[in-house]
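The following exercises are to be worked with the sequence and the coordinates at hand. Each task is followed by a solution in steps.

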Amino acid sequence: MADPRTVARLEARIKERLAHAIEFEVADPRSTFLTIQKVELSRDLSSGKVLYSVLGDRGERSKAQHMLADASGFLQRKAGSILRTRHIPRLTWVYDDSIEKLAEMDELIRGAMEKD
């Protein structure tokens with residue numbers, strides 16, 4: 001089991017490297033408006049989840065999901081190239097809808113405040 005500080009440091013480095021790779025190295029027009037929100041590694045560093053969000057509608061989200069599926073091996077290698085670990089964590093991509101939920105909650109609160 002890795003030290004929690006080590007896990008946090010690796011998560012930050014992977015997030016930074018993936019964001020750079022998606023922005024500058026992936027030559028796919030479907031990667032527009034994609035943001036890496038967070039990387040969560042397991043305690044044994046064997047696997048991890050990459051939480052991402054997309055600015056746009058369901059169509060844009062679907063395009064980004066397909067792009068990530070197509071480029072997952074490339075992005076996995078790019079993330080592994082900066083790590084100084086024996087094994088590269090197996091990354092899975094998970095859509096993060098927390099921003100949408102926050103916007104809905106904000107709209108409900110504003111609506112309630114206008115009614116009062």
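**Exercise 1.** How many residues does the largest nonpolar core have, and which of them have the most contacts inside it?

*Solution.* The model is a predicted one. Its largest nonpolar core has 25 residues, and Ile 14, Leu 34, Leu 41 and Leu 75 have the most contacts inside it. Two or more residues of this core come from each of helix H1 (4-25), strand S1 (34-41), S2, helix H2 (58-82) and strand S3 (90-95). As for Leu 34, its contacts beyond four places in sequence include Ile 22, Tyr 52, Ala 64 and Met 67.

**Exercise 2.** Determine the geometry of the aromatic pairs and the parts of the chain that they link.

*Solution.* The count is two aromatic pairs. The ring centres of Tyr 52 and Trp 93 are 6.4 Å apart with planes at 65°; an angle over 60 degrees counts as edge-to-face, so this pair is edge-to-face. Because Tyr 52 belongs to strand S2 and Trp 93 to strand S3, the pair ties together parts 41 residues apart in sequence. For Tyr 52 and Tyr 95 the centres are 5.7 Å apart and the planes at 75°, so this pair is edge-to-face. Tyr 52 in strand S2 and Tyr 95 in strand S3 are 43 residues apart. Arg 61 lies over the face of Tyr 95, 4.6 Å from the ring centre.

**Exercise 3.** Is Ser 53 buried or exposed, and with which side chain does its own make a polar contact?

*Solution.* Ser 53 is found in strand S2 (residues 47-54). Its relative accessibility is 8%; since buried means under 20%, Ser 53 counts as buried. The side chain of Ser 53 makes a polar contact with that of Gln 37, at 2.6 Å.

Terms used. Residues are numbered from 1 along each chain as its sequence is written. This is a predicted model: local features need pLDDT of at least 70, side-chain atom pairs count only at pLDDT 80 or more; totals for chains, interfaces and linings use all residues. Side-chain values use heavy atoms; hydrogens and water are left out. Helices (H or I, at least four residues) and strands (E, at least two) are DSSP runs, numbered from the N terminus. Buried means under 20% relative accessible area, exposed over 50%, partly exposed in between (1.4 Å probe, protein chains only). A polar contact is a pair of N or O atoms within 3.5 Å; within protein, one must be able to donate a hydrogen and the other to accept it, and residues adjacent in sequence count only if both atoms are side-chain atoms. A nonpolar core is a set of buried Ala, Val, Leu, Ile, Met, Phe, Trp, Tyr and Cys residues joined through side-chain atoms within 4.5 Å. Contact means heavy atoms within 4.5 Å. Rings of Phe, Tyr and Trp (its six-membered ring) pair if their centres lie within 6.5 Å; planes under 30 degrees apart count as stacked, over 60 as edge-to-face and the rest as tilted. A charge sits over a ring if NZ of Lys or CZ of Arg is within 6 Å of the ring centre and within 35 degrees of the ring normal.
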